[in-house]
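Colleague: I have a structure open and would like to go through the side-chain packing. Can you walk me through it?

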Amino acid sequence: MEVSSLPVELWQLILSYLRLPDLGRCSLVCRAWYELVLSLDKTRWRQLCLGCLEHRHPNWPNQPSVEPRSWREAFKQHYLASKTWTKNTQDLESSNCLSLFRRRKGRRQLCIGAAGEFSSLRAALAAASPYDCLVLLPGVHEEQGEVLLKVPVEVVGQGNLGDVALLASIDQHCPTARLCNMVFMPARFTSVLYKTTSGYVQFDNCNFESGQLQIHAPGTCQVKFCTFSQSSIHLRSMALCVLENCEFTGSENASVTVEGCPSSDRNWACKHLAVLAKSCTASTREPDPAGCPMAKQDGWGESLLGPVRTCEIVVGEERSSFLSAVGAQALLGSAQEDTEFRENLQAAKEEEYPALNSNSSDSDLHSDDEEDAQAVYKLPYQAHSLSHTLADVTHSRLQSNRLHALQRDLKLKSLQQELQQDKEAQSLANSLQGCIIRQCLFRDGKGGILIYAQGQAKLEGSIFRDLTYAVRCIQNSKVIMLRNDIHHCKASGIFLRLSAGGLIADNNIHSNCEAGVDIRKGANPLVLCNKIHSGLRSGIVVVGNGKGIIRSNQIYGNKEAGIYILYNGNPAVSGNHIFQGLAAGIAVNENGRGQITGNIICENQWGGVDIRHGGDPVLRNNLISCGYSDGMVVGEHGKGLIEGNVIYGNKGCGVWMMSSSLPHLINNEISHNSIYGVAVFCRKDHAADYSHGQGRSESFQEEREGAGGENDSDSEEDYPAAQRPISVALVELNSINHNGAAGLHVKSSEALNIIANVIHANCDDGVAVLQSSQLTCIANNSISCNSREGVLVEAECQVELRGNGIYENSSHGIVSKGEGVIAENDIIGNHRCGLQLLQAADMKVTKNRIQSFRDYGIALFDEAKGLVQENLIFQGTSKKSILRPMSNAEDCIIQNNVLLTFKKRFDMECMLINPPARPHIEGGAPESCTAADGQRVSSITTRVDGGCHNHGSIFCTIL
């Protein structure tokens, strides 16, 4: 009959009454009939799938309200899986094997129960032949002793699930068996419900209550659509077994225990299970957009995390002065106090020497003549060694483009991209060995899965909730976790220890009471593309020589650090987005280490990165931005190589350092932070309590005791920074610009080296040294266009300034009240004095090139003393050179300085030569500067009887 003879709707109605064999025959008629049968997917095929007592909803127990892609395909997979136990007849051809039961006319059905042929299961088994079907009639069936299963049979409960209960302990000695549609309860003499050490057993649609399944290699099993209530499975040395669509509740220990290395002695069923595992792929979730996701708004996640926002970088717009962190408020208050103090001091100085500031008509230039005057007297300095870095930060559009390009480069990779690039991860993801657990639900019990003693398990599409822990993998075992949900555990979600490894990828791990992932004692997993969020502690903890590769994860909204590394933990952390944490983004503490590269760390409440107490990581090429406190904190005894990072737009400082720390900051861009670019403090590190708070309810005692021992033998190879330690904190080759207070703020009790940095356009001083009991070396830096002094040195500070270019700052070039050396600097174009020495300053000022447009090149006030010699002072618009009041002329030598005055309009390119404009890093030692043609030379000499630091009389002559 032609299909077109009736409307399609009528054909579908007719075919919806056919049984399964008849549907199969109709589909073989022709293509049109085949397609007609396929069109019944949501009607007849759905009825057949849900009406079968051996099956449950294809997405049970996790998503029973979600329909499968195809009901027909789901029914097909269920049917094929239910026949796996019949395929042990290896000598038959596959076509004969598939129709084994249809051909065996001698296959019997034996009924067990009050109305059946046999009163007990034991009696029926004694009379059964291979592959007979034993039907348990509704009721409770209790066996008094252990039941031995010596022939392959199928045991099926009649009626709905729950109508048949079997109280027995079964020991399988035959090669294959299947049990279906019944409730298993333990016998009075043992808690073991079923065990096998050699054969294959298949459980479909069963309930297990208060007992245990024991499957030992070379035996294996397939468990599908089963419920385990206060029950568990113990798998030993499994080559391959499959647990699918099962529910585990109320376990007193681990629900599934996987012990021992997968056996090389493989059961006959392993190849069939492998084919089944490949064809029945776990359902996958739709991937979220690559941007920052929305946190789940249920349970604890709502209380810890509001709506997740992306951090949008804007360059050049006004920043808010609001600081959410208490520490940031204190720092800002300190900066304001310092500013008010300097303003009051300057007003007092101007009041004290009113006549000395108005002795030249050039100081009263009209605004119309200002630009022309600067064109005459301005010295070109743009060709110094750091000019290329300076060019990048002076153009806001260029800087913005670089930041957006960096965000694009650090875009999260999908799991597919990671697997394409990482062959090891790809091999793990595709492996089929050990225990395969798919689409299962573990809830309301102590433990989910325990893997130990070289065991191996693969977990896909499962849910772990309201457990003490979800997964524990220890003792050289391996776990592969793909697309699981792990949440609301009372301890850590995933726990790896004692050289455990594997792959943890594309999981949603959230709202756990301890760490989402806990890596300890030599464990070395791959942690890729997970969402780890809303935890009551840290997202990931790496402790006690733990390692691991942590890549392309979204870690957000955790109550403590997104990633916490301590006690010689040494992971490789790269390509992650760590944001909106309620503490630090990454914390490295208690001798923790790690390679932290290419991450986006933003909008965290504490420092983006927090390093303390011997923490010694390598941080490279990270974007640390938009934090509510400091971008990076290096606390007491913190160390580390901090290189090539962009630290941008944080509400506190860009980098906050303790003077007792020994970091190496090199080649970072530190910009647009609300307070200091880099701040160094020596006050007590109250925030050190952070390390104890992180572990307040979690025991790190074993790791703490082992921290003083030997490190891993490969630590030097894995950690190159350990091969080049530094003895003095070093701030080198950084760009520190457009910060809300001083570019570099120093209150230090230890030595500090500040070398070859670009410190530009900060809203206060370029460098402020307010306390420095040991030498602070400031060398070869470009310090320009800052809103106040280029360099400020307070009283009793020891400073060496050498080889710096200090240009066009809005106040004085250098103000010093301390001690030390100011040598071979270019102090050009600052709006007030080039160099000002105040109070009890005791400085050796030599071989500098100094120019001020409107004020003195060098001004000495109060009891300032020292040596001022061989400096080259260029004429400014005020024609002021050196201010030296006679009444305060004790203990100071001013000699052999040179004043250069200019003719109108001449070639200015020859001015800062031999050496070129500073900083001049690549050249040799600077040589003395010679006068060029067109300059009139005046020498300024001061002779001091009795030397530089006596209290005798001084005879000062100015020619």
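Modeller: One term to begin with: contact means heavy atoms within 4.5 Å. This is a predicted model, where local features need pLDDT of at least 70 and side-chain atom pairs count only at pLDDT 80 or more, while totals for chains, interfaces and linings use all residues. Residues are numbered from 1 along each chain as its sequence is written, and side-chain values use heavy atoms, with hydrogens and water left out.

Colleague: Fine. What is F184 in contact with, leaving aside its neighbours within four places in sequence?

Modeller: F184 is in contact with L166, I170, L179, L193, F203, C206, N207, F208 and E209. F184 also belongs to one aromatic cluster with Y194, F203, F208, F228, F248, F442 and F464. Rings of Phe, Tyr and Trp (its six-membered ring) pair if their centres lie within 6.5 Å; planes under 30 degrees apart count as stacked, over 60 as edge-to-face and the rest as tilted.

Colleague: Which residues touch the most other members of the largest nonpolar core?

Modeller: That core has 132 residues, and L134, I170, F184, F203, L235, L496 and I540 touch the most other members. A nonpolar core is a set of buried Ala, Val, Leu, Ile, Met, Phe, Trp, Tyr and Cys residues joined through side-chain atoms within 4.5 Å. Buried means under 20% relative accessible area, exposed over 50%, partly exposed in between (1.4 Å probe, protein chains only).

Colleague: And which strand gives the most to this core?

Modeller: Strand β23 (residues 463-473), with 5 residues. Strands (E, at least two residues) and helices (H or I, at least four) are DSSP runs, numbered from the N terminus. Apart from this core lies another of 20 residues, among them I675, A679, L838 and A859.

Colleague: Back to rings. How many aromatic pairs does a search of the whole structure find?

Modeller: The search finds 14. One of them is W85 with Y131, which is tilted, at 5.9 Å centre to centre and 40° between the planes. W85 lies in the loop between α5 (71-82) and α6 (94-98) and Y131 in the loop between α8 (121-127) and β2 (133-136), so the pair ties together parts that are 46 residues apart in sequence. Both W85 and Y131 are buried.

Colleague: What about Y200 and W268, how are those rings arranged?

Modeller: The ring centres of Y200 and W268 are 5.5 Å apart and the planes are at 70°, so the pair is edge-to-face. Y200 is in strand β11 (residues 200-204) and W268 in the loop between β19 (254-259) and α9 (270-279), 68 residues apart. Y200 and W268 are both buried.

Colleague: Which way do the β11 side chains point?

Modeller: Y200, Q202 and D204 point one way, V201 and F203 the other way, and all are buried.

Colleague: Which strands does β11 pair with?

Modeller: Strand β8 (residues 176-180) runs parallel to β11 and is joined to it by 5 bridges, with F203 as the bridge partner of L179. β11 also pairs with β14 in the parallel sense over 5 bridges, where the bridge partner of V201 is C221. Two strands pair if DSSP finds at least two bridges between them.

Colleague: Last topic, charges. Which rings does R472 lie over?

Modeller: R472 lies over the face of Y469, at 5.2 Å from the ring centre, and over the face of F495, at 4.6 Å. A charge sits over a ring if NZ of Lys or CZ of Arg is within 6 Å of the ring centre and within 35 degrees of the ring normal.
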